[in-house]
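This report describes the arrangement of one protein chain for a reader who is new to structural analysis. Please keep the sequence and the model in view while reading.

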Amino acid sequence: MIFSSSLLENAVNEFAKLPGIGKKTALRLVLHLLKQQETEVDHFSATVSKMRNEIKFCLRCHNISDKEMCNICSNTLRNQQTICVVENIRDVIAIESTQQFNGLYHVLGGIISPLDGIGPEQLTIDDLVFRIKNEGIAEVIFALNPNIQGDTTIYYIGRKLKEVPVKITTIARGIAFGGEL
Ligand SMILES: [Zn+2]
């Protein structure tokens, strides 16, 4: 692609860095923005940059949040004795969208995968075990991918909870709650 403007070219290159966006699509999006009012485009870029700069991770469950404690954790109407353990934030969004679960979450930030160099210490497993021991948790539901990494992660956490009087349930992610993002 040959551009007559380096400003245009730079913008296209930035959009093309996004997953699933090729150069052609990037050009289409940039040309679309060029047709918008300047205030519209300012609002667009300010929203993206505000999201990146100000977003937080919940101190309790590691879900994405506007505040130190996310609105799921701070909702007293939710069942505070059940934790659903998920791999990432997309899982929380998928399960919340089904409106079938009224407990709390714990976002591991990944699953144990030695081949990818991901060990338990890189995940929020210690925080999870601490929560289960100290927050009066009665049930832990694992909603991880039904594969070897998911199984390994459940096994590892299960061993850490051997002495803890808590009910452990495993569901295949996306099956019991339905839908996947
Ligand atoms: Zn939270």
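## Ile-83 and its contacts

Apart from its neighbours within four places in sequence, Ile-83 is in contact with Gly-103, Leu-104, Tyr-105, His-106, Arg-131, Ile-132, Ile-137 and Val-140. Two residues are in contact if their C-beta atoms, placed from the backbone, lie within 7 Å.

The model is predicted: local features need pLDDT of at least 70, side-chain atom pairs count only at pLDDT 80 or more, and totals for chains, interfaces and linings use all residues. Residues are numbered from 1 along each chain as its sequence is written.

Helices (H or I, at least four residues) and strands (E, at least two) are DSSP runs, numbered from the N terminus. Strand E3 (residues 82-86) is largely enclosed by the rest of the structure, because four of its five residues are buried. A residue is buried if 20 or more other C-beta atoms lie within 10 Å of its own, exposed if 12 or fewer, and partly exposed in between; the C-beta atoms are placed from the backbone.

Two strands pair if DSSP finds at least two bridges between them. E3 pairs with strand E5 (residues 139-142) in the parallel sense over four bridges, and Thr-82 stands opposite Glu-139 in E5. E3 and strand E4 (residues 104-107) also run parallel, joined by four bridges; here Val-85 stands opposite His-106 in E4.

## The nonpolar core

A nonpolar core is a set of buried Ala, Val, Leu, Ile, Met, Phe, Trp, Tyr and Cys residues joined through C-beta atoms within 7 Å. The largest one has 26 residues, and those with the most contacts inside it are Ile-83, Cys-84, Val-85, Val-86, Tyr-105 and Ala-143. At least two residues of this core come from each of E3, H4, E4, H5 and E5. E3 gives the most, with four residues.

Which residues of H6 are buried? They are Gly-150, Thr-153 and Ile-157. These residues cover an arc of only 65° around the axis, which puts them on the same side of H6; the arc is that of the directions from the helix axis to the C-beta atoms. An α-helix has 3.6 residues a turn, so residues three or four places apart point the same way.

Helix H5 (125-134) is included in what covers the buried residues of H6. The face turned away from the buried side of H6 carries the exposed residues Ile-148, Tyr-155 and Arg-159.
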